Amino acid sequence: MTSKRTGFYAAVVAGIVALVAVPQTMDMFTVMQLTGFVAMAVFALSQGFVWGFAGIMSFGQAAFLGLGAYSYAVAAINFGESTPAMAVGILVPVIFAGLLGYFMFYGRISDAYVGVITMTTSIILFNLINSTSGDAYRVGEAALGGFNGIPSVPTLNIPGDPEAVLDPNQLWYVTMGCLILCYIALHAVLRSRFGAVTVAIRENETRVTLLGYDARFYKLVAFMFSAAVAGLAGCLYTNWGAYISPTIFALAISAQAIIFVLVGGLGTLIGPILGAFVLQWLMSSVGQQSVLDANLVMGAVLIVFVLLVPKGVVPLIRDTLWPMLQHRFGARSSLEKEAHE
Amino acid sequence: MELTGLLAYNILVGIGTLVLITIGLGVIFGMMKIINLAHGEFMMIGAYTVVLATGAGVNIWISMFLLAPLVSGLLGLITERLLMRHLYGRMIDTMLATWGLSLLIIGAITVIFGNQTRGISSPVGNMSIGRFDVGLHGMVIVLTAIGALAAVACVLKFTKLGLIVRATMQNSAMASALGVAPKRVYMGTFATGTALAGLAGGVLAPISGVAPTMGAAYIAKAFITVLGGGPAIVTGTGLASTLFSPINEIVSFKATPIIGEVAMLVAAIIIVRLLPQGITGRFFRRSL
């Protein structure tokens, strides 16, 4: 338990060091690239929470990312001010997750069905947004733009002052700050009574229900919580590019989140973040040369990890390699002791 | 009146299309309780087979009904041997693995054949319903769907193979004790499911663009139909298709095809709330 807490503090300190150090030491281009990575790391965190801790097979997490991104874009264009737009961008996915989750969890459907329904929902949202070209599809002043997406979305400004738009370095501070806050907040949720019950449901839903907890309710709230984090990631992602298109709803984006979590480590919070950084770096280097297709690489990574490392890298190191090393040295020292005796 | 006729024809073709794109998924789900997320990509392989084979001069009927299922089925067989058989009993991992496979196939086909959409024309012409011209290819789809559904039903009900398959489906441990090799049955089932996907892709190729990402256009509807249908392969697929197609076509007719798809999804979500196991999880439980 203590080692877990040490890990948490170490991660927070490392995050704060990165928060301060990156703009000081790196050029503008790298800072901007890393800001995009961080936004997707927040997204990976939402997937890591809902799948790894609540045990909900959300295979369409991109639906919430996209809803957050689009709601933010539409609200920011209409309000001309980014702060309330952020709130809208988080609230809309939460409400949507509440509705969808109600039907899924109160129907008590199996895990496979949850996976398929979430996935189908994201596919259909993708098709829906894709078809919204033309003047008929406007929300206030914002044209949804169909396949072309929404160009020149107003980016974050200092609250209350729409003229004071943040520069890339400030955007880095906000994005990275959000990642650290989300990490701390999810950690706090998991340490709370609510988190304990949620994890217990993942382990044995029947037993928890027999103890008098309404598993459906806990699952629903956890699902909505993950949608809030994914929505925030959507806001940050839109701010990073100042542009949003329907591809954010694509299955490949949901698959990315799954892969980040699977590679980094299921049932940890730091794993998804590390997975997101390493794999995005990998994918951006693949993207720069044209021989390998990004889908090809992602698919191969997914298959290899499901077959060979189904728990991910962080738990592999924590549960297998680390004890093995300890055991090795521990065993040797005890043998030595016996020899001495 | 003509409009009603047109709508009725569209609903009929819609039912046929749903049956056709779902039956392969349903065979694998009903038998093995696995959702094959690469289903759309096996369809896409079937469609590419048809485009390439007809391009090479093969008769289009042969490529649609023979080559497309053959190629997809062989690929499914290879997939089962290399990938799926390591993952039986780990339902979520099988879904993830097939998802990875789906991305892998999309990527591979994009690298090999490029990103552009290819077309192929239907071997049959048009017919008219009053003022409206409709493609006769819809009838090809409906007949193929009926054929596929009937074939699966007959094999399951009347052959010894079908008996073994049904026994394994009900109680694989008992079947295994009686000398059946469930692994063989699973292998055959997976190959059959992917072959049916290939057939669907091949038959639908003339009315849809053939591109690496074409699977995504059908997969949402196929998932919805399987969810609504529940565990019985033939009855479930048939009933759910008959239920969802009118919803889809009527809403599409009043609004847009995309809204029609949304209406189908909403209907499916409500059905799943009322009948968590799908229609055949509650009704017609003893059917195939």
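Arg318(A) and Asp319(A) form a salt bridge, with their closest N and O atoms 3.1 Å apart. A salt bridge here is a side-chain nitrogen of Lys or Arg within 4 Å of a carboxyl oxygen of Asp or Glu. The model is predicted: local features need pLDDT of at least 70, side-chain atom pairs count only at pLDDT 80 or more, and totals for chains, interfaces and linings use all residues. Residues are numbered from 1 along each chain as its sequence is written, chains are lettered from A and ligands numbered from 1 in the order in which they are written, and side-chain values use heavy atoms, without hydrogens and water.

Over all chains, the count comes to seven salt bridges. Arg318(A) is partly exposed, at 39% relative accessible area. Asp319(A) is partly exposed as well, at 43%. (Buried means under 20% relative accessible area, exposed over 50%, and partly exposed in between, with a 1.4 Å probe and protein chains only.) A salt bridge also joins Arg202(A) to Glu203(A), at 2.9 Å from N to O. Arg202(A) is partly exposed at 34%, whereas Glu203(A) is exposed at 56%.

In chain B, Arg131(B) and Glu2(B) meet in a salt bridge of 2.9 Å, N to O. Arg131(B) lies in the loop between β1 and β2 of chain B and Glu2(B) in helix α1 of chain B, so the pair ties together parts 129 residues apart in sequence. Helices (H or I, at least four residues) and strands (E, at least two) are DSSP runs, numbered from the N terminus. Arg131(B) is exposed at 65%. Glu2(B) is partly exposed at 30%.

Strands β1 (residues 126-129) and β2 (residues 132-135) of chain B pair in the antiparallel sense over four bridges. Pairing requires at least two DSSP bridges between two strands. Ile129(B) stands opposite Phe132(B). The two strands form a hairpin with two residues between them, and Gly130(B) in the turn has a positive phi of about 60 degrees.

In chain A, β3 (residues 157-158) and β4 (residues 161-165) pair in the antiparallel sense over two bridges. Asn157(A) has Val165(A) as its bridge partner. β3(A) and β4(A) also form a hairpin with two residues between them. Gly160(A), in the turn, has a positive phi of about 90 degrees.

Leu316(A) is found in helix α13 (residues 313-340) of chain A. Leu316(A) is partly exposed, with a relative accessible area of 35%.
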